[in-house]
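Subject: Structure handover

Hi,

Here is the structure I promised to pass on. Please open it alongside this message.

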Amino acid sequence: MNAALLKLLRRLVQKGTLTVIFSSGKKVVLGDGTGKPAAMHITDAEAEKAILYDPGLKFGEMYMDGRVVIEEGDIFDVLSIIKSNGVEKAATFLNSIVALGHVFRQQLKSRLPVNRNRYNVAHHYDLDGKLFNLFLDEDWQYSCAYFHPPGISLDEAQRAKKRHIAAKLLLEPGQRVLEVGSGWGGLAMYLAEATGVEVTGITLSEEQLKVSRERAARRGLSDRVRFELQDYRTLQGRQFDRIVSVGMFEHVGIGNYGNFFRKMKELLKSDGVMLLHSIGQVYKPWATNPWIEKYIFPGGYIPALSEVLPPVESTRLLVKDIEILPLHYAWTLRAWRERFVARREEAVKLYDERFFRMWEFYLAASETAFLYDKHFIFQLQLSPSLGAVPVSRDYIEAKERELLEFEKTRSRLELVAV
């Protein structure tokens, strides 16, 4: 048994009930006996040393490799106990030095003039589409849903998200819209169908591009919704009435925020409106969790608003509205995780057991980040013009009601057609 790791875990887990079975066979119950119990088995001494040395990276790796085995509960339960106690309690002099090394490397990479955007995007989004079909909603929305009103289904919440964003964009028929990071095309098609706009969606994922074009063609939207394999930084010679970006800003990198907002201003008409939907943090994080950065989102970074607003201000873009959605992503991730785990056999057939555990860990760790690390979603509405957006927020709810009526009408027509 690793005595130093036991000491760390005793200091960390003060509340809850976590049983740890060490490689020696010794069983230790940690915490105050409250809450849902969970138990994990660390199978070998080298795994114990690795977790002690670099818990931010190695705990996830050991779970992926089957060297941390959950004996009671699941990986979400274990992570919840750890996160609810405050992971800062696990800091030692040595693993703090290792963590600073991760910060330094990520900060350096974010400022290097090497364009790895396409590689970073392909690492995650060019995976087999069948994987995403295991857990996403019917429209393949791979970003935070909007559970308004509370208790609605994932499909309903994703429609509510699209409705909420469309309302904030103040769309009018015939306007030209740019979507930066267009995913599998669901939002672009919704905007075109619901409001009569023309949408250009840009992506760096060849798989998403292929699927988006196929979906638009099937829905008869190819003349109004176009998708391009395009880096926003090299988009030239066009301006748009509206710009929307959902779940893409996390991939821009802290060293590129100034360039990002200058480019958005260049692409936006003088009376245009932009809506940016992104994950944020309460405090400056300085770096992404090293396991997430290595295995899930290379080059990703989740900022504090204090890191986002200064580069916005430097462009003279006006902040028209900021909305914080604190727990909606936790609920979204829970729905994804439950769906994914329920279809474990299909996921394993697509890849293997290690890949399944990697994605289970990713979804569970992300959910706990919103529950315990105070992550949130922010929606930032920007415009170069003082008068581009109404002076009160009543218009958002009014627009949402109009869009909801459109959705109901379309559903009735689809039923009649069937």
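Below are the notes on a sheet, a helix lying across part of it, and a pair of packed helices.

One point before the details: this is a predicted model.

**The sheet**

The sheet is open and has 7 strands. Their order is β7-β6-β5-β8-β9-β11-β10, and the pairing is mixed. The edges are β7 (225-229) and β10 (318-325). Each has a single partner strand, so one side of each is left without a neighbour in the sheet. On average, neighbouring strands are turned by 15° against each other, direction ignored.

Take one pair from this order. Strand β5 (residues 176-180) runs parallel to strand β6 (residues 198-203), with 5 bridges between them. Within this pair, V177 stands opposite V199 of β6.

**The helix across it**

Helix α8 (residues 154-169) lies across β8 (240-246), β9 (268-280), β10 and β11 (376-383). Its angle to β9 is about 150°.

**The helix pair**

Now look at helix α14 (residues 328-342) and helix α16 (residues 353-372). Their axes come within 8 Å and cross at roughly 160°. Angles over 145 degrees count as roughly antiparallel, and α14 and α16 are therefore roughly antiparallel to each other. The crossing of α14 past α16 is left-handed.

Which residues make the contact? From α14 they are Y329, A330, L333, R334, W336, R337, F340 and V341. From α16 they are F356, W359, E360, L363, A364, S366, E367, F370 and L371. By class, the contact of α14 with α16 has 12 nonpolar, 1 polar and 4 charged residues.

Best wishes

Notes:
Residues numbered from 1 in each chain as written. Predicted model: local features only at pLDDT ≥ 70, side-chain atom pairs only at ≥ 80, totals over all residues. Heavy atoms only, no water. Axes fitted to C-alpha atoms, helices over the stretch in contact; angles between N-to-C directions. Helix = DSSP H or I, 4+ residues; strand = E, 2+ residues; numbered from the N terminus. Parallel < 35°, antiparallel > 145°, perpendicular 65-115°, else oblique. Left-handed = near helix turned anticlockwise from the far one by under 90°. Contact = heavy atoms within 4.5 Å. Nonpolar A, V, L, I, M, F, W, Y, C, P; charged D, E, K, R; others polar. Pairing = 2+ DSSP bridges.
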